[in-house]
Amino acid sequence: METNFNVTAQAELRKLVAYQRVATALAHPNIAFIKYWGNQDDRLRLPANPSLSMNLGCLYTLTTVSFDDGLSSDLLLINEVPIYGAALARVSAMLNWVREKANLTTAAKIESVSNFPIGSGIASSAAAFAALSVASSAAAGLDLSEAAVSQLARRGSGSASRSVPTGYSEWVMGDDETSVARSLAPPEFWDLRDIIVVVNQEHKAVGSTGGHALAKTSSLQAARLVGAINRFQLCRESLLARDLATMGPIIEEDAIIMHAVMMSSHPPIYYWDATTMMIIQAVQQWRREGLPVYFTIDAGPNVHLICEAKDAETVMVQARQLPNIESVMSSDVGGPAMLID
Ligand code: DP6
C-alpha cells in the first residue's frame, strides 16, 4: 500500500475535497504492545493508562464521506451493507462533532470497506474511526492538525487515536485536548512483523466499549494500572533501541495482565478459547527452540505473533501448522491515516 503521499499533495487534495464535500481516507488498524483497557472518562474515551502500538501496513480500511443535501439523515454502509442502530449512532456522533466545528448541518453518506475481518479483535474500530476522522474532517472543509485528528478519532474509538500517526505510536493520558497519539518512529525505523493467527473471525460477544466499562469491576485493574506506567516506559525504551529480547516479554506480560482483568471483571469476559492457549504454549516452545517471537492478544481469541522481518517466514510456516486455526495473515509496519481522494 502506497503511503508516501507528501504534505503538499495532502494539502492540495484537502482543498479539492473540501470544495466537493466528498473525501476518501485510508487507515490501518494497529496492534497494541501496551494495551488500553479502561477509561477515566468513558464518554470522551480518556484512557486510564498510556498505550503504545504499531500500525499494520497490510491491513486497511477505506472510508468515503459525502456530505449530501439530498439526505435527511446519515447513511452508513460497511462492506456495502447498510448499517443501522448503535453502530450508525456512534458514527453520527463523530460526524456531529465535525459538523459542529465546521458549522454544517448536512447529513452524510459514509461508505467503509476493509480488507480484513471486522469485529474479531483485529482492531477494526481503530482503522474505521481513524479513516472516518480524516475523511469527514476533510470533506467538511476542516484543516486539522494530526493531533486534532487523533483527538477526533479517539472520541470515536480509543485505539483509533493510535492509527492516525505513522508507524509506531504512543497515546498518552490527559484531558480531551492533550490525550492524543503521536508517532514514536516511522515504519522504516524497525521492520517488525505481526503474524496474525486467526482462531475465529466471528464477531466477538462483548465489544471493547462494554469491556472498558467493566474494567474497574475487576480487583486486578488497580494493580494493572500501577504496573502499566512502568511497562509503557520499558516498552518505549526497548522499541527505540530496537531490542526485541527486552520488549517481547513486556508485551506478553502486558497482554496477559489485561486478559486477567477481563476474566476477573463482573461479569467476567473470556475472549480466549482453547486454541488461544494452545498457541501461547506453542510460542513458548518455539522460543525455547531459538525462534525470537512473542505473542500479544487483543479483545478476541486471535493471537498476534510479533517478530523481526528476518524470522517472519519461519514464524509463518510454524503458525500454519498449528491445529484448529482458521487462517494466518502477515503484516509489516504501516504508515499514517491519510486522504487518498
Ligand atoms: C484490547 O479502542 O476498541 O484492543 O474505545 O470502546 O472503541 P473503544 O475500544 P477499543 O479498545 C481497544 C482494546 C484493545 C487494546 C488496545 O488496542 O490498546
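Guide: A pocket is defined on a 1 Å grid over the protein atoms alone, as an open set of points with protein on both sides within 12 Å along at least five of seven lines; lining residues have an atom within 4 Å of a point. Grid points are joined across faces, edges and corners, and a volume is the space filled by probe spheres set on the points, the probe being one of 1.4 Å. The model is predicted, so that local features need pLDDT of at least 70 and side-chain atom pairs count only at pLDDT 80 or more, while totals for chains, interfaces and linings use all residues. Residues are numbered from 1 along each chain as its sequence is written, and side-chain values use heavy atoms, with hydrogens and water left out.

The volume of the second largest pocket is about 430 Å³. Its lining comprises 20 residues, of which Gln10, Arg14, Glu146, Ala337 and Met338 are the closest to the centre. Two or more lining residues come from each of helix 1 (7-20), helix 3 (124-139), helix 4 (146-156) and strand 16 (338-339); helices (H or I, at least four residues) and strands (E, at least two) are DSSP runs, numbered from the N terminus. Helix 1 gives the largest share, 4 residues. By class, the lining holds 13 nonpolar, 5 polar and 2 charged residues, where Ala, Val, Leu, Ile, Met, Phe, Trp, Tyr, Cys and Pro count as nonpolar, Asp, Glu, Lys and Arg as charged, and the others, Gly among them, as polar.

Arg14 also takes part in a salt bridge with Asp143, at 2.9 Å from N to O. This pair links distant parts of the chain, since Arg14 lies in helix 1 and Asp143 in the loop between helix 3 and helix 4, 129 residues apart. A salt bridge is a side-chain nitrogen of Lys or Arg within 4 Å of a carboxyl oxygen of Asp or Glu, and the structure holds 14 of them.

In contact (heavy atoms within 4.5 Å) are 34 residues of domain 1 and 50 residues of domain 2.
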